[in-house]
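Thank you all for coming; I would like to walk you through one protein chain this morning, slowly and in plain terms.

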Amino acid sequence: CGALDGAPAVLLLRTRDLFALPFPLARPVVTSLSLQAAVRGWRLLLLPAAFPSAPRPPPSPHALWRAQSTLDAQRRALLERFGVKLEVLPDGSRRWHGCAKDTPRCFGTVRRQTPEYLLAGRWTPPCCLRALRATARHVLAQLEASGIRHWLEGGSLLGAVRLGDLIPWDYDVDVGLYRDDVPKCRWLAQVVASGGPVEDPQGFLWEKAAEGEFFRVHFSRANRLHVDLWPFYVRPGSAVMTKDTWLGHRQDVEFPESFLVPLGTVPFAGGVAKAPNDPRAFLELKFGPGAIENPEYPNPGVRRLAQDVGNK
């Protein structure tokens, strides 16, 4: 139906199948049906110009511009309605429809370590993963340049060891550092001195976390995807690393300083990050035996990976 999508096309489809779709006539129709069919494993065959339109006078440049602008607006609205964050174009280039520096992130408050996209049976939107990677690379580079002893923590280290990247359902990045080294980083030192947030020249926002004695670096003022920085120190009279704030997460345990002397490295988010010198032993201390080989969501009591793994 060329009247609906701007170009003559024929699609043969059973009526009951068409109207069983959640958005059967959403515009632009061909794009809408193609996306919904792909999710269901349907194969579509479009027959262009099977019923040519009646001859018309050539449209003016302004009319062409208006028609294309309308079609582009409909396409953007459709992808937003479907929750599509990343579009790979025929030439291999990418078009992003999700969050950015000047927008909020794609999900709301995380409750019981479970973001809303997990409750919907989805994993982290690709735009959010992109922002997390960018924030992590920026923060790790700043810590390295400042001479701060630091390492990947918790689920971020799990992702690095498993995949060399973020866990595909993660919503933040965790980094441990030596508390005594905090003043070496100009941004952390300014946060401590001022008591308020500090924005660096690249637009990343450094602040003290409201939940306790640790720091948080956001992708931007508007977009609160972030890296958590956990200051650890040697517990007096021991060789054990501890910290002042414990949030009840499974990985919140003390550990021997020997894991950090010397520090090792792991591939992470397109670069190389500092890590404990025995990542497997470190992760099994924090998460239990088999943590690397047996991934699970942060709070299995709310939702388990097995509920979704067959859909990815």
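Predicted model: local features only at pLDDT ≥ 70, side-chain atom pairs only at ≥ 80, totals over all residues.

Which residue just after helix 7 takes a positive phi? That residue is Gly 164, whose phi is about 70°. Residues are numbered from 1 along each chain as its sequence is written, and side-chain values use heavy atoms, with hydrogens and water left out.

Let me start with the overall picture. The secondary structure of the protein chain comes to nine helices and 12 strands, where helices (H or I, at least four residues) and strands (E, at least two) are DSSP runs numbered from the N terminus. The radius of gyration, taken over C-alpha atoms, is compared here with a globule rule of 2.2 Å times the number of residues to the power 0.38. For a compact globule of 312 residues that would be near 20 Å, but the protein chain has 25 Å. Taken along the principal axes, the C-alpha atoms fill a box of roughly 90 × 40 × 30 Å.

Of the 312 residues, 41% are buried, and buried means under 20% relative accessible area, with exposed being over 50% and partly exposed in between (1.4 Å probe, protein chains only). Among the contacts with a separation of 6 or more, 56% are between residues 24 or more positions apart, a contact being heavy atoms within 4.5 Å.

Now back to helix 7, which covers residues 154-163. Why can we say that helix 7 is largely enclosed by the rest of the structure? Seven of its 10 residues are buried, so the helix counts as largely enclosed. The buried residues are Gly 154, Gly 155, Ser 156, Leu 157, Leu 158, Gly 159 and Ala 160. They pack against strand 3, strand 4 (172-178), strand 11 (264-268), strand 12 (271-275) and helix 9 (279-287).

Next, the aromatic rings. Rings of Phe, Tyr and Trp (its six-membered ring) pair if their centres lie within 6.5 Å, and planes under 30 degrees apart count as stacked, over 60 as edge-to-face and the rest as tilted. By this rule the count comes to 11 aromatic pairs. One of them joins Trp 151 and Phe 232, which form a tilted pair at 5.7 Å centre to centre with 50° between the planes. That pair links distant parts of the chain, since Trp 151 is in strand 3 (residues 150-152) and Phe 232 is in strand 8 (residues 226-234), 81 residues apart. Trp 151 counts as buried at 0% relative accessibility, and Phe 232 is buried too, with a relative accessible area of 1%. Another pair is Phe 214 with Trp 230, where the ring centres are 4.0 Å apart and the planes are at 20°, so this pair is stacked. Phe 214 lies in the loop between strand 6 (205-208) and strand 7 (215-218) and Trp 230 lies in strand 8, so the pair ties together parts that are 16 residues apart in sequence. Ring pairs also link Trp 151, Tyr 178, Phe 232, Phe 255, Phe 259 and Phe 282 into a cluster.

Phe 232 touches several residues, including Glu 153, Gly 176, Met 241 and Lys 286, if we do not count residues up to four places away in sequence. By contrast, the C-alpha atoms of Phe 232 and Pro 28 are 54 Å apart in space, and the two are 204 residues apart in sequence.

Finally, some backbone details. Most residues other than glycine have a negative phi, and most peptide bonds are trans. Where in this chain do we find a cis peptide bond? One joins Val 261 and Pro 262, with omega about 0°, and Pro 262 is found in the loop between strand 10 (255-256) and strand 11. Gln 113 has a positive phi near 60° and sits in the loop between strand 2 and helix 5. Ala 269 has a positive phi near 55°, lies in the loop between strand 11 and strand 12, and counts as buried at 3% relative accessibility.
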